[in-house]
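User: I would like to know what stands behind the labels used for this protein. Please set each value against its cut-off.

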Amino acid sequence: MRRLMNPRWIGTALVILVLSGACVQLGRWQFHRLDERKDRNDVTRTNLAAAPAPLTEIVGPDHVVGRQHDWRTAVVSGRYDAAKQVVVRYRNVRDRPGFEIVTPLVLPDGTALLVNRGFLARQGSELAPATIPPVPAGEVTVTGRLRRSEQGGSTSGGTPVDGTARLISGPGYAAALGLKLYDGYLAVEQQQPAADPAFATLPGPEVDDGPHFFYGLQWFFFALLAIGGLVYFSRQDVQRDDAPADATPNGSPDRTPDSEPVPAGTTADREQDNGVPPAP
């Protein structure tokens, strides 16, 4: 037990226990994220199966597209404001990098809704699309999936600068474009008049559980591995402390050359071999 009372050993044990506790918490966090994802998937499946409805019947007077509205199909009519169009950079669709074109659709009541008109694949190393399909003139009717405003943490990518942005955010665009925008946007599925064929269709949602379950198991395994290692090496130290001080590694008593017994008859036999008669 003397080794276990060593301050260095105690410090190491405390560090291992703290790390094990952190691994357990990370595992619980992954399972919590799994529960959230399952709840979100249930809402998404319900909204995907719902019949199309006018925008005002889905989103309330607060004009906020919430989680309960995500991926719901809405129908809205208005006029595109091409002068306030925004190019969203660093987008990927089916592993192809490119751009998404977001244009405000001004509604009859004066409010506006951001409409993601579609994806344009990047050509070579261009930093912006060489050409953007023009918006239809006059009133259009758009059917699409409602999406919540994208969040980027501390990044300012949701505020357009020189007509480009990295995120699609109603509040971020509102001040820059000078419009009363819905908090959220609409991803086009159908449009009358028809959308330009140059636009690629936008991908749908991923309705699966993701990797959270296996990530949680990994963190719990790391915690168990750390605790198991601590117990194993602690037992090894205790066994070394309890071993007799005069014992050899195999547990037999130590013997020095002077303490080795001389086999009986050895000296006499040697004298006979040399021709010396044995002593009487």
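User: Why is threonine 44 called buried?
Analyst: Threonine 44 has a relative accessible area of 6%. Buried means under 20%, exposed over 50%, and partly exposed in between, with a 1.4 Å probe and protein chains only. Threonine 44 therefore counts as buried. The model is predicted: local features need pLDDT of at least 70, side-chain atom pairs count only at pLDDT 80 or more, and totals for chains, interfaces and linings use all residues. Residues are numbered from 1 along each chain as its sequence is written, and side-chain values use heavy atoms, with hydrogens and water left out.

User: Where is threonine 44, and what does it touch beyond its sequence neighbours?
Analyst: Threonine 44 sits in helix 1. Helices are DSSP runs of H or I with at least four residues, strands are runs of E with at least two, and both are numbered from the N terminus. Leaving aside neighbours within four places in sequence, threonine 44 is in contact with Trp71, Pro205 and Val207. Contact means heavy atoms within 4.5 Å.

User: What makes asparagine 47 buried?
Analyst: Its relative accessible area is 7%. That value is under the cut-off for buried, so the label holds. Asparagine 47 also lies in helix 1, which spans residues 7-49. Outside four places in sequence, its contacts include Arg67, His69, Trp71 and Arg145.

User: Which backbone atom lies 2.7 Å from a polar atom of the asparagine 47 side chain?
Analyst: The backbone oxygen of aspartate 70 does. A polar contact is a pair of N or O atoms within 3.5 Å; within protein, one must be able to donate a hydrogen and the other to accept it, and residues adjacent in sequence count only if both atoms are side-chain atoms.

User: Why is alanine 194 called exposed?
Analyst: Alanine 194 has 60% relative accessibility. Alanine 194 is in the loop between strand 8 and helix 4 (212-242). Its C-alpha atom is 9.0 Å from that of valine 140, 54 residues apart along the chain.

User: What makes a set of grid points a pocket?
Analyst: The grid has 1 Å spacing over the protein atoms alone; a pocket is an open set with protein on both sides within 12 Å along at least five of seven lines, and lining residues have an atom within 4 Å of a point. The largest pocket has a volume of about 590 Å³. Its lining has 24 residues, and the closest to the centre are Trp71, Arg147, Gly204, Pro205 and Glu206. Helix 1 gives the largest share, 4 residues.

User: How is the lining of the largest pocket divided by class?
Analyst: There are 8 nonpolar, 7 polar and 9 charged residues. Ala, Val, Leu, Ile, Met, Phe, Trp, Tyr, Cys and Pro count as nonpolar, Asp, Glu, Lys and Arg as charged, and the others, Gly among them, as polar.

User: What is the volume of the second largest pocket, and what lines it?
Analyst: The volume is about 270 Å³. The lining divides into 11 nonpolar, 3 polar and 4 charged residues. Strand 8 supplies the largest share, 3 residues.

Technical notes:
1 Å grid on protein atoms, 1.4 Å probe; cavity = no way out; pocket = protein on both sides within 12 Å on 5 of 7 lines; lining within 4 Å. Points joined across faces, edges and corners; volume = space filled by probe spheres on them.
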